[in-house]
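Colleague: I'd like a close look at a single part of this one, with the cut-offs spelled out as you go. Could you walk me through the core and the strand pairing around it?

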Amino acid sequence: AALYVENVSGGDVAKILSAGMSVKDAGAPVGQLPPPLALSAMAGNHDGEIDLNWEPVRGANSYVVQMTTDPNVPDSWAHKANATESYAVILGLTSGQKFWFRVAGVGAAGQGAFSGAESKYAP
């Protein structure tokens with residue numbers, strides 16, 4: 001019966017309700033995304049590799065990763081990677097140099113706020 005009502009109503013809420021069926025909540029848009037939490041940077045398996053991971057952000061379709069060697073200079077943050085999951089592998093870094101990373105989720109409302117910066121010396 002439910003499939004029949006769904007097909008005949010064409011999604012019209014009034015028709016669905018008049019058939020005695022309930023209507024699924026359409027869901028509210030997530031809106032501006034909060035910053036990702038728990039960003040961590042770990043030495044990777046190879047020289048010059050740092051592995052990043054963070055807690056997934058509800059509503060994020062992807063993530064933007066930025067990197068700098070001086071977090072006190074706002075203009076020094078540069079795009080380093082895009083990720084579709086809550087981790088990224090950064091390759092080709094200068095061994096022994098300290099790098100700072102931050103990440104932001106990207107969803108329907110655009111890019112959200114950046115996480116706090118996390119630093120790590122490249123192995």
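Modeller: Setting aside residues up to four places away in sequence, Leu-93 touches Gly-48, Ile-50, Met-67, Lys-80, Phe-99, Phe-101 and Ala-122, where contact means heavy atoms within 4.5 Å. Before going on, the ground rules: this is a predicted model, so local features need pLDDT of at least 70 and side-chain atom pairs count only at pLDDT 80 or more, while totals for chains, interfaces and linings use all residues. Residues are numbered from 1 along each chain as its sequence is written, and side-chain values use heavy atoms, with hydrogens and water left out.

Leu-93 is also one of the residues with the most contacts inside the largest nonpolar core, along with Ile-50, Leu-52, Trp-54, Val-65, Ile-90 and Phe-101. That core has 20 residues; by definition it is a set of buried Ala, Val, Leu, Ile, Met, Phe, Trp, Tyr and Cys residues joined through side-chain atoms within 4.5 Å. Two or more core residues come from each of β2 (50–53), β3 (62–68), β4 (78–83), β5 (87–90) and β6 (98–107). Those labels are DSSP runs numbered from the N terminus: helices are H or I with at least four residues, strands are E with at least two.

Now for β6. Seven of its 10 residues are buried, so β6 is mostly covered; buried means under 20% relative accessible area, exposed over 50%, and partly exposed in between, with a 1.4 Å probe and protein chains only. As for partners, two strands pair if DSSP finds at least two bridges between them. With β3, β6 pairs in the antiparallel sense over seven bridges, and there Val-65 stands opposite Val-103 of β6. Strand β8 (residues 118–121) is also antiparallel to β6, over four bridges, with Phe-99 opposite Lys-120 in β8. Then there is β7 (residues 110–114), which runs antiparallel to β6 and is joined to it by three bridges. Ala-104 stands opposite Phe-114 in β7, and the two strands form a hairpin with two residues between them.

For contrast, take Thr-84, in the loop between β4 and β5. Thr-84 counts as exposed because its relative accessibility is 62%. Leaving aside neighbours within four places in sequence, Thr-84 is in contact with Asn-61 and Ser-62. Asn-61 is 23 residues from Thr-84 along the chain, yet their C-alpha atoms are separated by 6.6 Å.
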